[in-house]
Amino acid sequence: MKDYDTGQIRNIALVGHQDTGKTTLAEAMLFAAGAIDRMGRVEDGHSTMDTSPEEHERKISIQSSLAFCEHNNHKINLIDTPGYEDFVGEVLAPLDVVESAMMVVRADGGVEVGTEKVWTYLREKNLPTCFCINRMDKENADFDSVIKEMQEHFGRKVLPLQIPIGRGESFKGVVELLGKRAYEFSTDGEGKTTAVDIPAELADKVDTWRRELFEAAAENDETLMEKYLESDSLTDAEAIQGLAAGVLAGDLYPVVCVSAEKNMGAAGILDSIVNLMPSPEQLPKKDAEGAELKADPAGAAAAKIFKNVSESHVGDMLFVRVYRGTLAGGHDIYNSTRNTGDRLGQLFYLRGKHRTETAQIAAGDMGAAVKLKNAHVGDTLCDKNGQVTLPPTEYPKPSIFSAISAAAKGDEDKIGTGLNRLKEEDPTFDVRVDAEVNQTLISGQGELHLEILVGRLKTRYGVNVVLSKPRIPYKETIKKAAQAQGKYKKQTGGRGQYGDVWLKLERLTRGEQFEFVNAIVGGVVPGKFVPAVEKGVVATMAGGVLAGYPVVDVKVTLYDGSYHNVDSSEQAFKVAGSMAFKKAAADAKTVLLEPILNVEVKVPEEFMGDVMGDLSGRRGKIQGMEPAGPFTVVKCQVPLAELYRYSTHLRSMTQGRGTHKREFSHYEEVPHENALKIIAEAEKEKGHD
């Protein structure tokens, strides 16, 4: 493969709703560019971009995949991304390392939930964007309707570059608006084109859209505007110049149309990417401090790791995007994220699962590195003498939680190793051990996300697991002051046991946890035994007095007692302290506390009634609402106990358009009826034990 200047490189991500044909489109583009000698099919598990066993089995994309091709003396790096929301991390990371995105929309589906969500990401990142209307050969394909719908959602900046000839089964070609040329595609899947006359019935439509394109091109360049106003015309080269400027500025979103499955139109898409989408030179990256990194291959190296694929025979294969300088195999590199040195081993250009070894990867380009010792997704690799740190990708917090345990005894270590490896590969997945509830908890973006990861545990690490509902970390506290005596007296044949204390329990402000006060006067309890009393109290508080949950926010005062010169011991006073605490707690009106979360639910207006009613049914307290474009954000506080699998329920209730995020707020008393059920369940479990 030849070397390309930075200006000859295009990095573009294919994004959109699930089942729009992104992977098949990538396949068609690679075939049209001559990068592969035949088109594989997703349904057969032979596509270039779907590389994992899970993808072959489920016939969907689960992870992002990178492939390069060459077209018109340019190198195009394509990143195919999943459409399922559960794998949003595989969309967000690629969007941080490309200069443009192609939103794939179904000709027979139009703007869908995933389209709207990805559009939000694209606009947040100000990423130059074009659209591809795919599946033009399908029965209900309607190009005009989809264009109208996209303009309603995304503005009049959405403009077609092509007009389809035919629709549905009769789709056979396109009219290129800039060149005012018409082509028909071969029906053998080879992607060949034949020049034809523009159909008479399309002439007016072609002239109308062509005029809008020229006006859009002229608006982005003063010189072109002057010429257009004078002559009412632009050359194709001038129009391309103006349109490219509009795309770069975010003032234009061009649209092409294809049938990827039948390989109709892929070559035209490659032309549009080369002509209209920006190069790395035109969109330089900024580092974490806001300084611009010039895409200069001769500069000090700066690259970001944006993906990790673990392969049994290779190890960790780290996808890298080089922003400045050049990564060279066999050379030292510095990991500024972790402040460690490393040495680059083999470097590769990727085409799905196929690798082409290369001596170096230069600024603007991307590829993969292997055998880096301490590098992870999100890390910055750079020259030690030109240190820089690139900003991390911002991922959504987990929205679904589950407890995980080994199906067979002895597999706990395997589970721990496997979960930590999966966490390194997938930043949207989390695992932690919750000591409060004595469970290992995993969390992710949805049920399918966790299902896939559990499957990888089995296939990679040979361990079966059981998922269960996480326990709620309830706590106990008192509502009023109380006092009681704890007297432990035990006489045996030899030395006895004697400890006698009086404790007073008082409420503390929520969150103050615990305070122990020694108020003994006159040595009625010797000082050496006071710590033992506190230990007895603390141990009892940890085990709870009502339902086995920790007691919190209590002030305990030791104010009286007695001892025996011979029989008193630390153990006796520890037991006495425990006895006194239990007795006093029984009189102090002990209650259960539950964790309350701050929850923000983002939903379209038409689902507000259902969502609000559902939140009320979950004992939610609405704190306020605020608009967010076509959505409304509901701010509320909801008990954690009411949020199990809420993300799945919310998606179902809002046709997949609702999302939520949560964070801990405070503890609050459990309503009496709920508390009785929790206490009864605790007693039942205790009986089983």
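1. F529 and F573 are both buried, where buried means under 20% relative accessible area, exposed over 50% and partly exposed in between (1.4 Å probe, protein chains only). The model under discussion is predicted: local features need pLDDT of at least 70, side-chain atom pairs count only at pLDDT 80 or more, and totals for chains, interfaces and linings use all residues. Residues are numbered from 1 along each chain as its sequence is written, and side-chain values use heavy atoms, with hydrogens and water left out.

2. A pair of aromatic rings is described by the distance of the centres and the angle of the planes. Here rings of Phe, Tyr and Trp (its six-membered ring) pair if their centres lie within 6.5 Å; planes under 30 degrees apart count as stacked, over 60 as edge-to-face and the rest as tilted. The count under this rule is 11 aromatic pairs. One of them is edge-to-face and joins W119 to Y253, with 5.0 Å centre to centre and 85 degrees between the planes. W119 belongs to helix α4 (residues 113-124) and Y253 to strand β11 (residues 253-257), so that the pair links distant parts of the chain, 134 residues apart. Helices (H or I, at least four residues) and strands (E, at least two) are DSSP runs, numbered from the N terminus. Both W119 and Y253 are buried.

3. The pair F529 and F573 is stacked, because the ring centres are 4.8 Å apart and the planes stand at 15 degrees. F529 is in the loop between β31 (514-518) and α12 (530-543), whereas F573 is in helix α13 (residues 570-587), so the pair ties together parts that are 44 residues apart in sequence.

4. W119 also has other ring partners to consider: ring pairs link W119, F131, F154 and Y253 into a cluster. A charge sits over a ring if NZ of Lys or CZ of Arg is within 6 Å of the ring centre and within 35 degrees of the ring normal. R355 lies over the face of F348 at 5.4 Å from the ring centre.

5. Side chains of opposite charge can pair when their charged atoms come close. A salt bridge is a side-chain nitrogen of Lys or Arg within 4 Å of a carboxyl oxygen of Asp or Glu, and the whole structure holds 45 salt bridges. In one of these, the closest N and O atoms of D142 and R167 are 3.7 Å apart. The pair links distant parts of the chain, 25 residues apart: D142 is in the loop between β5 (129-134) and α5 (143-154), and R167 in the loop between β7 (162-165) and β8 (173-176). D142 counts as partly exposed at 26% relative accessibility, and R167 counts as partly exposed at 47%.

6. R343 and D332 meet through their side chains in a salt bridge of 2.7 Å, N to O. This pair links distant parts of the chain, namely strand β18 (residues 340-343) with R343 and strand β17 (residues 332-335) with D332, 11 residues apart. At 47% relative accessibility R343 is partly exposed, while D332, at 57%, is exposed.

7. How far apart are the closest N and O atoms of R510 and D553? In this salt bridge the distance is 3.8 Å. R510 lies in the loop between β30 (497-507) and β31, and D553 in the loop between α12 and β32 (554-562), 43 residues apart. R510 is partly exposed, with a relative accessible area of 40%, whereas D553 is buried at 2%.

8. A network of salt bridges links D19, R106, D108, E112 and R135.

9. T358, in strand β20 (residues 354-358), is buried, with a relative accessible area of 15%. Its side chain reaches the backbone oxygen of Q360 at 2.9 Å. Apart from neighbours within four places in sequence, T358 is in contact (heavy atoms within 4.5 Å) with L347, F348 and Y349.

10. In helix α14 (residues 608-617), M608, V611, D614 and L615 are buried. Seen down the axis of α14, these buried residues fall within an arc of 135 degrees, so they line one face of the helix; the arc is that of the directions from the helix axis to the C-beta atoms. G609 and G617 are exposed on the other side of α14. The elements covering its buried residues include β33 (590-604), β34 (621-628), β35 (631-639) and α15 (646-653).

Notes: A polar contact is a pair of N or O atoms within 3.5 Å; within protein, one must be able to donate a hydrogen and the other to accept it, and residues adjacent in sequence count only if both atoms are side-chain atoms.
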